[in-house]
Amino acid sequence: MKLFLYAYTGLAVFSSAFAAVVPKTHLVNVGPNGQLVYDPPLSMFYFPDVPHPRQFTNKGDVVKFIFHPKNHTVTESSFDSPCSKLRDSHGRNIGFDSGFQPVDPIHPVEKIVSVRVLTKDPLWFYCRQTGHCSKGMVFAINPPTKGAHTFGAFKKKALATAGGKRDDDEDTDLELPHLGPHID
Ligand SMILES: [Cu+2]
């Protein structure tokens, strides 16, 4: 019995030491219960300071978006234009976009899109279904908790777009310099 306990303890210590270097997965529900929200509305990631940074190459945390009825997207924006796709100075789309993920409300089969986050910078997202962003359907990863660029300030900007021009861009192929595919 004693032997077993030691063995068990050794395993626990081993795995908790490992926990520091294994990326976490953050679950985010998109439009749960017919609401125009991401739940939770923001993800705060843990970026450990480690003595061996090489271990962290391409090992960012993963966000797993779980899509609920009816038809939403998770689309990257800038802080300043919460309801428009993120673009570079040439007007090209450079952000992440899940595309529309229709889920039948009568026979719901949840759809999942996972992304791995490879930056510590704040990332801003919205739903580009007509009218959803201006009703506050926005999401952020690692938003600052103080200053002018909080999640609250971002959401306020999104709500302020109500009645304005809507974003109805065509889909294009995307390069994602700061988001990688989810590979396990
Ligand atoms: Cu939506």
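1. Strand pairing. Two strands pair if DSSP finds at least two bridges between them. Strands here are DSSP runs of E, at least two residues long, numbered from the N terminus. By that rule, β1 and β4 pair in the parallel sense over six bridges. V28 has F65 in β4 as its bridge partner. On β4 there is also an antiparallel pairing with β8, again over six bridges. There, V63 stands opposite V115 of β8.

2. Basis. This is a predicted model, in which local features need pLDDT of at least 70, side-chain atom pairs count only at pLDDT 80 or more, and totals for chains, interfaces and linings use all residues. Residues are numbered from 1 along each chain as its sequence is written, and side-chain values use heavy atoms, with hydrogens and water left out.

3. Main core. A nonpolar core is a set of buried Ala, Val, Leu, Ile, Met, Phe, Trp, Tyr and Cys residues joined through side-chain atoms within 4.5 Å. Buried means under 20% relative accessible area (1.4 Å probe, protein chains only). The largest core has 18 residues, and Y38, V63, F65, V74 and F139 touch the most other members. Two or more residues come from each of β1 (25-30), β4 (62-67), β8 (111-117), β9 (123-126) and β10 (138-141). β4 is mostly covered, with five of its six residues buried.

4. V74. Which residues does V74 contact, leaving aside neighbours within four places in sequence? Contact means heavy atoms within 4.5 Å. The partners are V30, Y38, F65, F67, F96, D97, S98, F125 and Y126.

5. Copper site. H72 (ND1), C127 (SG), H132 (ND1) and M137 (SD) coordinate the copper ion at 2.0 to 2.8 Å. Donors are N, O and S atoms within 2.8 Å of the metal (3.2 Å for Na, K and Ca); water is not among the atoms, so sites may look incomplete. The donor angles run from 93 to 126°, which makes the arrangement tetrahedral (four donors, all angles between 85 and 135 degrees). The spacing along the chain is H-x54-C-x4-H-x4-M. H72 in β5 (residues 71-72) and H132 in the β9-β10 loop are 60 residues apart. Both histidines, H72 and H132, are buried. C127 is buried too, at 1% relative accessible area.

6. Disulfide. There is one disulfide, meaning a pair of cysteine sulfur atoms within 2.5 Å. C83 is joined to C133, S to S 1.9 Å. The S-S torsion is about -80°, so this disulfide is left-handed. C83 lies in the loop between β6 (75-77) and β7 (101-102), and C133 in the loop between β9 and β10, 50 residues apart. C83 counts as buried at 13%, and C133 is buried at 5%.

Key
Buried means under 20% relative accessible area, exposed over 50%, partly exposed in between (1.4 Å probe, protein chains only). Helices (H or I, at least four residues) and strands (E, at least two) are DSSP runs, numbered from the N terminus. Four donors count as tetrahedral if all angles lie between 85 and 135 degrees; four count as square planar and six as octahedral if opposite donors are over 155 degrees apart and all others between 65 and 115; anything else is irregular.
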